[in-house]
Amino acid sequence: MMRAHAVLVPLPTSLARRERFRAARAALPGALRTSAELAGAPRDLPCDDWPRTAAGAPAPVDGWHASFADTTGLVVALVAPAPVGLDVEWCLRPRWEAARARFRESGELALLGADDRAAVLALWTAKEALLKLAGVGLADLARCPLRRRAGELFHLEHAGREHAVRVLVAGEHLVACASAVPWFASSDGELALHTLEAVS
């Protein structure tokens, strides 16, 4: 079985946005380092200050790729030997109904099998992970429709191709990961979640 290792670091949910950003930035190197170790990456990867592209995305380093995200209460990071896109969402996020209305209008809500907060946010998070993998922003949100769902795999179409995005529940959060490698979408693929000590 092939595994991608996402590392989670809980943050206090009471942090204001600026404080959360600082806490996430402080927790990120440890999360990247742990994910890299679990993936068997070389020890000299620049986990303390991962380089970025001109667009601000994590740049590949010697064939290794990183993706990271944060939301209320959590920062998550992943290092892998193939391009990846990672996103996280707090299940208690307010103002999710606008996304539900958008997905209902596009016909995607019917494919989800549910229209509750968890299902809607899972699809939203899957789309964000895929758009990170593609290197585009939320402007392409309407151009990556859901085609079908099979458990934790959300099959989305983008740029003329179908992509599988894994979405897992981690306590009060949803973690989504997209990858371009074929095994990731197969029954041999797995997204393993590892939680580090919470940041206080």
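How many of the seven residues of strand β8 are buried? Seven of the seven are, so to speak, under cover in this strand, which spans residues 173–179; buried here means under 20% relative accessible area with a 1.4 Å probe, counting protein chains only. The model is predicted, with local features needing pLDDT of at least 70, side-chain atom pairs counting only at pLDDT 80 or more, and totals for chains, interfaces and linings using all residues. Residues are numbered from 1 along each chain as its sequence is written, and side-chain values use heavy atoms, leaving out hydrogens and water.

Both faces of β8 are covered, with His 173, Val 175, Cys 177 and Ser 179 on one side and Leu 174, Ala 176 and Ala 178 on the other. Strand β4 (residues 84–90) runs antiparallel to β8 and is joined to it by seven bridges, and Gly 85 has Ala 178 as its bridge partner. Strand β7 (residues 161–170) is also antiparallel to β8, through six bridges, and here Val 165 stands opposite Ala 178. The β7–β8 hairpin has two residues between its strands, and Gly 171 takes a positive phi near 65 degrees there.

Now for helix α1. Its 23 residues (17–39) reach 31 Å from first C-alpha to last, close to the expected 33 Å at 1.5 Å a residue. There is a kink of about 35 degrees at Ala 27, shortly before Pro 29; the bend is the angle between axes fitted to the seven residues ending there and the seven starting there. Buried residues of α1 include Arg 20, Leu 28 and Pro 29, and what covers the buried ones includes β1 (2–10), β2 (65–71) and β3 (74–80). Just after the helix, Gly 40 takes a positive phi of about 80 degrees.

How values were computed:
Helices (H or I, at least four residues) and strands (E, at least two) are DSSP runs, numbered from the N terminus. The expected span of a helix is 1.5 Å times one less than its number of residues. Buried means under 20% relative accessible area, exposed over 50%, partly exposed in between (1.4 Å probe, protein chains only). Contact means heavy atoms within 4.5 Å. Two strands pair if DSSP finds at least two bridges between them.
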